[in-house]
Amino acid sequence: MARDYYGILGVSREASDDEIKRAYRKLARQFHPDVNPDPEAQEKFKDINAAYEVLSDDRKRQIVDLGGDPLAPGGGGAGGPGGPGGAGPFVGFQDIMDAFFGGAAGGSRGPRPRTRPGADAILRLELDLHETAFGVEAPITVDTAVLCTTCSGAGTAAGTHLATCEACGGRGEVQSVQRTFLGQVVSARPCTVCQGYGTTIPHPCPTCAGDGRVRTRRSLTVKIPAGVEDGMRIRLAQQGEVGPGGGTAGDLYVEIHERPHDVYSRKGDDLHCRVTVPMTAAALGTRLTIKTLDSDETVDVKAGTQPGSTLRLRARGVPHLRGTGRGDLYVHLDVRTPTKLDADQEKMLRDFAKTRGEEVAELSKQGGFFSRMRDAFNGHA
């Protein structure tokens, strides 16, 4: 007589898969030998495992509904405990782990889908400072997998279809039974014939060879917003790799690389440059015309400007990527001292130094500046 597997788990014949799994988990926690050492509890635990093994398998459950017992030796049309369909009094270790930890120990069962999401792609794009500062629509060329137009992602030749794998019967996995000290344990592994898909492609598409996608080079235009910085990435949704079986394409990321500028260096949204002014212009003051990224600006250099001074031009830098406004432009002044003077120029500078009470040392004359320093160190008056 067939065992009442529904009664063992305490569920109705119309119970859903989730209801059966919840009932099994509840009873397994109650009667597991580590929790309940009672010998009767151990026997009950074996019955619970056997009932869950049968009712969680659609084919075995159908045998029970027809009045058979798939675990009966040689009966029920499902094979005995040692056959391909039987597992003896114990189910696989995966089911026990599932009961106590609330999830599958080795991943979900059943065939894996042929259609899967595609991977993301990344592309390097070099731009000038002016392009990153004010934005640009840049043409790009990408080499990615795209949907096969011959089979529309199905992977099969025209007029043909997928076939159920004869090796695994469409389950995507094959089972084996091992005897352990706990009893018979069922283990499952992906089917090597269909690679775990549960189906095969008898007649692959001649264009994509059954993959559902082909590689091609295509041209796109990416809109670069004003204010992007070196290293930033711009995301183009679903412009990456199309997935196997014609799955949803991943994203394309365009990584910005800013070329060095001849004049300006950039720090965030601020720009920096260096301008050399003659010593006389720094002393007397002057007016400079600075060519910025988008305009010509006139700035005043005050009389007496010292080397290393900085002029700030507000809002003449890079536009802010988020929000309004712009960074600033900093002009760093290098004061240039003449390296060669003719006799008249040298005399004029010496006369100027005398009027300011500044003694000018003559290196060529004995008793000059360095000589006096030497004497001071040696203790001479």
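Which residue in β11 does Ser265 stand opposite? I found that Ser265 faces His272 of β11.

**Basis.** I worked from a predicted model, in which local features need pLDDT of at least 70, side-chain atom pairs count only at pLDDT 80 or more, and totals for chains, interfaces and linings use all residues. Residues are numbered from 1 along each chain as its sequence is written, and side-chain values use heavy atoms, with hydrogens and water left out.

**Sheet.** I looked up β10 and strand β11 (residues 270-278), which run antiparallel and are joined by three bridges. Strands are DSSP runs of E with at least two residues, and helices are runs of H or I with at least four, numbered from the N terminus. Two strands pair if DSSP finds at least two bridges between them. I then traced an open sheet of four strands, with mixed pairing and the order β10-β11-β15-β14. β10 (265-267) and β14 (310-313) each have a single partner strand, so one side of each lacks a neighbour in the sheet.

**Glu258.** I located Glu258 in strand β9 (residues 252-258). Its side chain makes a polar contact of 2.6 Å with the side chain of Thr132 and another of 2.8 Å with the side chain of Arg266. A polar contact is a pair of N or O atoms within 3.5 Å; within protein, one must be able to donate a hydrogen and the other to accept it, and residues adjacent in sequence count only if both atoms are side-chain atoms. Leaving aside residues up to four places away in sequence, I noted that Glu258 also touches others, including Leu127, Val228 and Asp230, where contact means heavy atoms within 4.5 Å.
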